[in-house]
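Here are my notes for you, one point at a time. Have a look at the model first, then read along with it open.

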Amino acid sequence: MKIHDLIVLKETALHEAKDAKNDAAVEAVRVKYVGRRGLLPEIMKGLKNMDPGERPKAGQIANALKTELQILIEDRQREFSLSEAKTEDNSFDYTLPGEWRSIGSLHPISKLIEQMVDIFHSLGFIVADGPDIETPFYNFDALNTPAEHPSRDLHDTFYLEDGHLLRTHTSPVQIRYMENRPPPVRIVVPGRCFRRDTTDATHSANFHQVEGLYVDREVSMADLKGDLNYFAQQLMGPKVKIRFRPHFFPFTEPSVEVDFSCHVCAGKGCRVCKNSRWIEIAGAGMVDPEVFKAVGYDPDKVTGYAFGLGIERIAMILYGIDDIRQLYENDVRFLEQF
Ligand code: DAH
C-alpha cells in the first residue's frame, strides 16, 4: 500500500459515509472501514511491511482517517435517528375528517331558574339556599306540619336510615333563613325536591321549586297577587292572567293555589291545560303565625307572604313539553332545542 492509495481510500470512505441514504447504509460503511475486520484495522496491521520512509506518514493518515470517519458516522447516525422520530410524529393523517365536539348548553330547567330568579331580583328578592337532605324539624314541624299529618307518611317522603329525609319542598329554607336573621326578609330559593311519586307524564320523584318569602310590616295578600302577576307577565308575556283558588297548607293562612292562564292555547282550551284553560303552577299564602313563632318572629309585628312555584310545570307550559320525563332523559336531540 502506497501513500497515494491511502489518500484515495480516505476520499472514498468519507464520500461513502456522506452519501449513505439511511441508517443501514451508514452502518455498512462503518463495518467496511472501521469495523473489527474492516479495511482500516487491516491497513494498520500492514504498516509494518511498508517502506520505513513512508511508514510514519502512512500511519498518521490512517489514524486521522479513522477518527474523522468515526465522527462523521456518528453524526450521520444521529441525523437518521432524529429524522425517524420526526417521521413517527408526522404519522398523524391530516386528511382524516375532524372530530366534532359539540358545544354544551344550559339544561332548560337551569335556564328557567335563571330567568325566574332574574325577575324576582328586579322586585328586590335575593337568592337563599338550603340542604337537599333535611331533618323532619325543618321540613315539617317548624312549618306547622305535625307528626300525624299525611304528608309525613312513608308513602310520600323518602326517609334515610338515620332519621333524616330528602326534602319534599323548598319551604324548609324559609325556616333556616328566618331563624338566623331578623325581619325584613325577601328571598327566593330555587332548589331540588323529592317525593315518592310514581313517575308518569306529569309526575317525577325528583323535581324543582322556587320558594319565595317576603316578610315585613304590613305585607298583604294584595302584595302576593301583585308580585305573582308581575312575575307571570314578565315570564310569559303581557297576556297571561293569574288566579287564586282557596286551598290549605299547614304553614300559610289563608292559603291558595295559583293558576296561570294556559299559555299554549291562550285560553281556548287544549291538551296541555286539559281544556280547563288554567294551569296550576304554585302553592302560596300568608305566612301562618305558628311559623313566625317557630323562628322567634313576633306575629303581631310582622306579616308575610310565601309561595312555592313548580319549575317543571312552568317549563312544560312555557316550552310546550307534554311529558315531564323528557326533562330528565338527557336526550341531546331534545336538549339542543333550548
Ligand atoms: N311547599 C308547598 C308544596 O310543595 C308549596 C307552598 C305552598 C309553598 C304555600 C309555600 C306556600 O311557600 O306558602 O306543595
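1. Let's start with the rings at the tail end. Phenylalanine 334 has a relative accessible area of 10%, so it counts as buried; the cut-offs are under 20% for buried, over 50% for exposed and partly exposed in between, using a 1.4 Å probe and protein chains only.

2. Before going further, a word on what you are looking at. This is a predicted model, where local features need pLDDT of at least 70, side-chain atom pairs count only at pLDDT 80 or more, and totals for chains, interfaces and linings use all residues. Residues are numbered from 1 along each chain as its sequence is written, and side-chain values use heavy atoms, with hydrogens and water left out.

3. Back to the rings. The count comes to 12 aromatic pairs. For a pair, the ring centres of Phe, Tyr or Trp (its six-membered ring) must lie within 6.5 Å; planes under 30 degrees apart are stacked, over 60 edge-to-face, and the rest tilted. One of the pairs is tyrosine 319 with phenylalanine 338, edge-to-face, with 4.8 Å from centre to centre and 65° between the planes. Tyrosine 319 belongs to helix H10 (residues 311-319), while phenylalanine 338 is in the segment after helix H11 (332-335), 19 residues apart, and the pair links these distant parts of the chain. Helices here are DSSP runs of H or I with at least four residues, strands are runs of E with at least two, and both are numbered from the N terminus.

4. How accessible are tyrosine 319 and phenylalanine 338? Tyrosine 319 comes out at 26%, which counts as partly exposed, and phenylalanine 338 is partly exposed at 21%. Phenylalanine 338 also pairs edge-to-face with phenylalanine 334, at 5.1 Å centre to centre and 65° between the planes.

5. Which residues form one aromatic cluster? Look for Phe120, Phe125, Tyr214, Phe231, Phe260, Tyr305 and Phe307. Phe125 has something else to show you: the charged end of arginine 186 sits over its ring, 5.7 Å from the centre. To count, NZ of Lys or CZ of Arg must be within 6 Å of the ring centre and within 35 degrees of the ring normal. Arginine 176 does this too, lying over the face of tyrosine 138 at 4.0 Å from the ring centre.

6. Now for charges meeting charges. The whole structure has 16 salt bridges, each being a side-chain nitrogen of Lys or Arg within 4 Å of a carboxyl oxygen of Asp or Glu. Aspartate 75 is partly exposed at 38% relative accessibility.

7. Another salt bridge joins aspartate 141 to arginine 152, with the closest N and O atoms 3.2 Å apart. Both residues lie in the loop between helix H6 (136-139) and strand E3 (165-166), so the pair ties together parts 11 residues apart in sequence. Buried or partly exposed: which is arginine 152? Arginine 152 is buried at 15%, whereas aspartate 141 is partly exposed at 38%.

8. Glutamate 257 and arginine 245 form a salt bridge as well, at 3.1 Å between the closest N and O atoms. Glutamate 257 is in strand E7 (residues 252-261) and arginine 245 in strand E6 (residues 242-249), 12 residues apart. Shared partners join Arg243, Arg245, Glu257 and Asp259 into one network of salt bridges. Glutamate 257 is buried at 11%, and arginine 245 is partly exposed at 27%.

9. Those two strands are part of an open, mixed sheet of 7 strands, in the order E1-E4-E5-E9-E8-E7-E6. Strand E1 (126-127) and E6 stand at the edges with a single partner strand each, so one side of each has no neighbour in the sheet. Strands pair if DSSP finds at least two bridges between them; E1 and strand E4 (residues 185-194) run parallel and are joined by 2 bridges. Valine 127 stands opposite valine 188 in E4.

10. Last, the cysteines. How many disulfides are there? The count is 0, with a disulfide needing two cysteine sulfur atoms within 2.5 Å. The sulfur of cysteine 273 has its closest cysteine sulfur in cysteine 262, and at 3.7 Å that is too far for a bond. Cysteine 273 is buried at 4%, and cysteine 193 is buried at 0%.
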